[in-house]
Amino acid sequence: MVQEQAPQKVSIQFEDLHQQNESYIVGMWTFLVTEIMFFGGLFTTYLVYRMANQETFWEAHRHLSVPLGFFNTCVLLTSSLTMALTVHYAQRGLRKQQLLWLLATMALACTFLVVKGFEYHHKFVEGLIPGPNFRFEPVEHLRVAQLFFSLYFAMTGLHALHVLIGVLVMAILTVLIAINHPSVQDFIPVELTGLYWHFVDIVWIFLFPLLYLIPR
Amino acid sequence: MSVAVAKPGEIKHNYLNAGDTVRSWLLTTDHKRIAVLYLVSVTLFFAVGGLLALLIRLELLTPQGDLMTSENYNRVFTMHGVVMIFLFLIPAIPAVLGNFLVPLMVGARDLAFPRLNLASWYVYMAGGLIATWAMVNGGVDTGWTFYPPYSSSYSTSQVTLTIIGAFLVGFSSIFTGINFIVTIHKMRAPGLTWFRLPLFIWAHYATSVIIVLGTPVVAITLLLVAVERVFRLGIFDPALGGDPILFQHLFWFYSHPAVYIMILPAMGVISEVIACFSRKRVFGYHFVAFSSVAIAVVGFLVWGHHMFTTGQSVYAGMVFSLLSFLVAVPSAVKVFNWTATMYKGTIEFRAPMLYVMGFLGLFVIGGLTGLFLASLATDIHLQDTYFVVAHFHYIMVGGTIFGYLAGLHFWWPKMTGRMYPEGIAKLAALIIFAGFNLTFFPQFVLGYLGMPRRYHWYPEEWQMLHVMSSAGTALLGIGYILPIFYLLWSLRNGALAGPNPWGATGLEWKTDSPPITHNFEETPIVTEEPYAYENHHQQEEVASGTGASTTKG
Ligand code: HEM
Ligand SMILES: [Cu+2]
């Protein structure tokens with residue numbers, strides 16, 4: 001189903017489509033480097049505190065639900081696959097398949113967010129939201145446990161925000177592809193979204209074992 | 001594109017007269033116009049920071065606190081630091097000169113992502129205005145370093161708002177950094193290989209790498225402080241289970257490299273100006289280029305030298321000290337190469353060159369005193385004294401601002417099409433040099449004698465030195481005000497510059513002054529090394545009426 005395509009518009013600052021595409025790819029990778037450093041600051045903070053408080057972090061982490069975390073890991077991994085398929089079909093210019101797999105990716109991303117919402121809700125009910133109402137047994141662990149949950153919410157929250165942004169971007173992309181907008185006649189927008197999405201997945205691949213699977 | 005043959009004296013079609021509505025400025029994606037937007041904004045913030053500095057020095061005229069309370073003094077020096085560092089020094093050269101020149105120098109029609117570039121200005125303004133709002137609504141008193149737990153748990157000032165401002169400004173530099181990296185990688189003109197790039201470009205490339213790697217770390221760190229403050233989470237406050245030293249590590253992991261974000265672009269300016277006004281190629285081009293990269297890399301490994309007295313392990317201290325000595329090497333390489341560039345050159349003492357000479361002297365002093373501070377034993381005595389204050393002002397004011405002014409004068413004809421008045425510009429440069437030394441040299445002595453930074457009460461016997469310093473500030477102030485007037489004056493009354501008033505090499509001089517909206521009538525082709533001053537003496541002096549010629553043929 002390769003359509004007749006008007007030649008893609010090249011922005012004035014570029015010589016040709018090739019240069020434009022390469023620029024976007026380099027730009028995306030550079031952006032992802034900033035993202036790595038951004039999360040890197042958080043991961044460092046987490047690791048420092050975990051090394052200092054191995055015991056309490058272990059106590060605290062038992063309040064996280066490994067099955068739900070595992071389920072979400074599977075969801076995100078699958079979404080990486082569907083995203084890879086989207087890119088695959090975008091490179092071949094097959095619109096229908098692109099749309100299909102993009103929608104599947106979005107569905108998986110939303111599933112992830114819903115499950116995450118349930119988990120947050122659970123913490124709320126258990127009084128594990130850091131702040132004046134934070135409760136934790138045994139009490140001598142309370143301060144450090146609160147630190148653990150502060151980091152838990154900071155890290156997973158920031159990650160969830162990235163998932164949410166991903167969903168929004170994919171939604172826009174879906175519309176553009178559906179109306180066959182000139183800007184998506186080339187596969188680069190899908191490719192860029194794909195890079196971003198794989199990055200978001202990889203962050204979770206680190207978050208899950210670090211937070212949910214702390215060894216004794 | 002039409003090539004109108006202009007009568008002599010007639011201003012042609014260019015980026016400045018391409019539209020004069022407010023809208024055409026606020027929605028522009030032309031890197032040159034965005035540079036002008038930045039120029040106006042950083043100048044305004046510099047004025048704010050300068051007024052705050054004036055207040056500090058007024059207060060320090062006498063040993064007692066007579067102008068303000070200690071609390072207000074804390075606010076004034078904090079806001080001075082925040083404004084100068086985040087809103088002036090970090091964006092000044094990259095966002096003004098870099099924005100204007102990077103595409104011109106690589107022979108491109110614009111930066112890779114013009115809309116991102118415009119967004120960076122808006123984000124910068126948003127951050128700047130939020131910080132300003134915080135200042136008028138109570139101010140901040142934590143020091144520009146925002147150390148917790150004071151910043152997160154005890155300060156009653158507008159820490160959160162200021163942090164949000166700094167956070168946003170950080171993103172504006174990230175946008176600029178990404179744009180530069182992509183443009184330099186992907187949009188160089190045909191024939192413009194890496195080793196034909198002007199050193200200004202190398203410097204901005206290294207700066208962008210630091211921005212991209214460092215800024216996100218400080219962004220998340222400051223965000224965590226704000227989160228701790230707002231939600232009372234225990235991340236850095238020991239009373240809540242956190243570790244304040246971790247904050248310092250994360251903060252300096254960015255903020256030491258940030259000092260190179262401030263100085264590397266200035267070093268790029270110096271290379272251009274010195275080659276032009278010595279009429280020689282930069283001595284040891286490759287060394288100067290790679291020293292920028294070396295600084296960008298090693299600069300990330302020395303942050304601990306800001307923490308020698310925090311109780312980090314002695315071994316860590318020793319390693320950080322050693323690495324700090326190491327980072328001085330590439331800086332020294334540059335200074336030696338610049339000096340060698342002037343050797344036997346045909347030196348022209350134009351105003352930009354005066355600033356360059358000032359830069360060289362002051363940067364050497366700043367760098368050498370950095371070595372005192374990088375030595376464990378001496379730093380115990382000097383840490384948190386006026387010696388540190390003098391050290392970083394020698395580098396940031398004597399280095400970065402001198403470089404900025406050198407560049408602003410050097411490329412003013414290119415940006416505006418008009419020459420600045422040479423005589424008064426030289427006078428201003430001399431006043432600034434004199435005022436600067438009078439202000440900051442006594443501070444080395446004060447610090448050596450034990451005057452701590454961030455206090456406004458001091459023993460009587462130091463008053464003389466403080467008075468000298470304050471007098472210098474007044475002089476410095478005059479020196480800074482002068483350019484505002486004569487540069488504005490030159491917009492209408494300056495002599496017409498022509499494409500290449502200095503007879504300089506570099507693609508930016510091959511197009512009209514001011515350049516047309518998309519810089520070049522046709523994409524230039526580069527066939528020779530940079531700084532080929534010895535190859536063709538004066539031949540550029542014969543400015544062609546059409547400008548925008550290419551180097552081919
Ligand atoms: C030649 C290499 C340099 C060395 C070895 C060096 C060394 C140091 C050391 C050890 C300190 C910490 C002093 C203390 O707190 O006791 C320091 C502080 C500082 N340096 Fe440098 N420095 C160098 C270059 C620079 C440059 C290029 C800049 C800026 C453009 C700069 C700006 C600063 C600032 C702003 C501080 C003070 C930060 C604060 O405590 O608020 N330095 N330097
Ligand atoms: Cu440092």
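Select helix 11 of chain B, residues 351-374, together with helix 13 of chain B. In this predicted model, the two helices pack at an angle of about 155°, with their axes 8 Å apart. An angle over 145 degrees counts as roughly antiparallel, so helix 11 and helix 13 of chain B are roughly antiparallel to each other. Now look at the crossing: helix 11 of chain B passes helix 13 of chain B in a left-handed way. Which residue classes make up this contact? Between helix 11 and helix 13 of chain B there are 17 nonpolar residues, ten polar ones and no charged ones.

Next, stay on helix 13 of chain B, which covers residues 386-416. Pick His391(B), found in this helix. Its NE2 atom lies 2.2 Å from the iron atom of ligand 1. His391(B) is the single donor that the protein gives to this iron.

Which protein residues are donors here? Select His256(B), His305(B) and His306(B). His256(B) uses ND1, while His305(B) and His306(B) each use NE2. These donors lie 1.9 to 2.0 Å from the copper ion. Along the sequence, the donor residues of the copper ion follow the spacing H-x48-H-H.

Last stop: two of these histidines. Is His305(B) buried or exposed? Buried means under 20% relative accessible area. His305(B) has 15% relative accessibility, so it counts as buried. Now click on His306(B). At 24% relative accessibility, His306(B) counts as partly exposed.

How values were computed: Residues numbered from 1 in each chain as written. Chains lettered and ligands numbered in written order. Predicted model: local features only at pLDDT ≥ 70, side-chain atom pairs only at ≥ 80, totals over all residues. Heavy atoms only, no water. Donors = N, O, S within 2.8 Å, 3.2 Å for Na, K, Ca; no water. Helix = DSSP H or I, 4+ residues; strand = E, 2+ residues; numbered from the N terminus. Axes fitted to C-alpha atoms, helices over the stretch in contact; angles between N-to-C directions. Parallel < 35°, antiparallel > 145°, perpendicular 65-115°, else oblique. Left-handed = near helix turned anticlockwise from the far one by under 90°. Nonpolar A, V, L, I, M, F, W, Y, C, P; charged D, E, K, R; others polar. Buried < 20%, exposed > 50% of the residue type's maximum accessible area, 1.4 Å probe, protein only.
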